[in-house]
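Subject: Structure for your review

Dear colleague,

Please find the structure below, together with its sequence.

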Amino acid sequence: MDSISIDGFDTGRFEAGRTRLASLAYRMLGSAADAEDAVQDAFLHWQAADRQRIRVPEAWLTKVVTHLCIDRLRSAQARRERAAGAWLPEPLLDGDPMLGPADTFEQRESVSLAVLTLMERLSPLERAVYLLREAFSYSHAEIAEILDVSESASQQHLHRARSRVTAARRRGGEVDPASARRLVEEFFDAASSGRTERLVALLTDDVTAVSDGAGLSERLLRFDTPRRVAAVARGGFRPSPAKRRLAGGTPAVHTARVNGAPAILFTLGDQVIGAVTFDIAGGRIATVRGIAAPTRLVRLNAAWRRQEPGTPLVARW
């Protein structure tokens, strides 16, 4: 086999695993753009390596991508971005390959916006161990090899990570999509019509809301208590001429699934200009996230344009 054929064969081996590597990187970093960069960096490492000496390409590439992600999380730039109070996980439309694997509850949960947010409480090593074990089912022996740690250290990192994630996450397991959609539609109807008491009844007692201020705020806006969240939702979801001017037109409103959870999308033509996602616990809304910064919606927009949108919840908001 000549060098051109070998390069083509080796590139094919890399491309065969690209989606899995991107899924791992997205879970590690919470950003599709950063995940794509990490995978591309891994490809450059792959090209520069003596590939004839790599016995198991999948394991080798998993190790490279994991370490690239850990380096990014430890970088001064990442620490500044996350400490600045403006970081949110990047939302992805359900069906995006970067959300896989999704065969088990643990795999689906690991890519939820709730758990991606909780990942910020873990050290980079704890995050890597947790995801390699929970989302990708690697053994502790394999994780030890990937991270250059002992098996006992891997077990300790997993124990600490599970404890922190379990202590912070909501209980209740998965929510039926049809029930979730009905709840979100009721929330939208109550918010857009200004029915505060009905809104409050749809929220958990410890509800929280996070927003990037329609993409205009340098820091995230945070709200708690049902009354405050209801007031913010009522103000944000009621249409007005000023909001249409800010949006650049009259948006349509669609329901969707984002990172496995119900969401409301505001669209102009084939462009998503805002996404509101919901975490549900015990039949009520526990978390609301409003995301409108264009940089956070790049990949979601690309996925939205590739599909045929269904009937909107509201054709002209």
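I begin with a salt bridge: the side chains of Arg-299 and Glu-36 meet at 2.6 Å, N to O. The term denotes a side-chain nitrogen of Lys or Arg within 4 Å of a carboxyl oxygen of Asp or Glu. Arg-299 belongs to helix 15 and Glu-36 to helix 3, and the pair links parts of the chain that are 263 residues apart. Helices (H or I, at least four residues) and strands (E, at least two) are DSSP runs, numbered from the N terminus. Glu-36 is partly exposed, at 39% relative accessibility; buried means under 20% relative accessible area, exposed over 50%, and partly exposed in between (1.4 Å probe, protein chains only).

On provenance, this is a predicted model in which local features need pLDDT of at least 70 and side-chain atom pairs count only at pLDDT 80 or more, while totals for chains, interfaces and linings use all residues. Residues are numbered from 1 along each chain as its sequence is written, and side-chain values use heavy atoms, with hydrogens and water left out.

Further salt bridges

The search of the whole structure finds 18 salt bridges. One of them joins the side chains of Arg-72 and Asp-41 at 3.2 Å, N to O. Because Arg-72 lies in helix 4 and Asp-41 in helix 3, this pair ties together parts that are 31 residues apart in sequence. Arg-72 is partly exposed at 25% relative accessibility, and Asp-41 is partly exposed at 28%. Another salt bridge brings together the side chains of Arg-198 and Glu-186 at 2.2 Å, N to O. Arg-198 is in helix 12 (residues 196-201) and Glu-186 in helix 11, 12 residues apart. Salt bridges with shared partners also join Glu-36, Asp-96 and Arg-299 into one network.

Aromatic pairs

The structure holds 7 aromatic pairs. Rings of Phe, Tyr and Trp (its six-membered ring) pair if their centres lie within 6.5 Å; planes under 30 degrees apart count as stacked, over 60 as edge-to-face and the rest as tilted. The rings of Trp-46 and Trp-60 have centres 5.8 Å apart and planes at 55°, so this pair is tilted. Trp-46 lies in helix 3 (residues 32-48) and Trp-60 in helix 4 (residues 57-74), so the pair ties together parts 14 residues apart in sequence. Trp-46 is buried, with a relative accessible area of 1%, whereas Trp-60 is partly exposed at 26%. The pair of Phe-187 and Phe-237 is edge-to-face, because the ring centres are 5.6 Å apart and the planes stand at 85°. Phe-187 in helix 11 (residues 177-193) and Phe-237 in helix 13 are 50 residues apart. Both Phe-187 and Phe-237 are buried.

An open sheet of 6 strands has the order 2-1-6-5-4-3, with mixed pairing; two strands pair if DSSP finds at least two bridges between them. Strand 2 (221-224) and strand 3 (252-258) stand at the edges with a single partner strand each, so one side of each has no neighbour in the sheet. Strand 3 and strand 4 (residues 261-268) pair in the antiparallel sense over 7 bridges, and Arg-257 stands opposite Pro-262 in strand 4.

Yours sincerely
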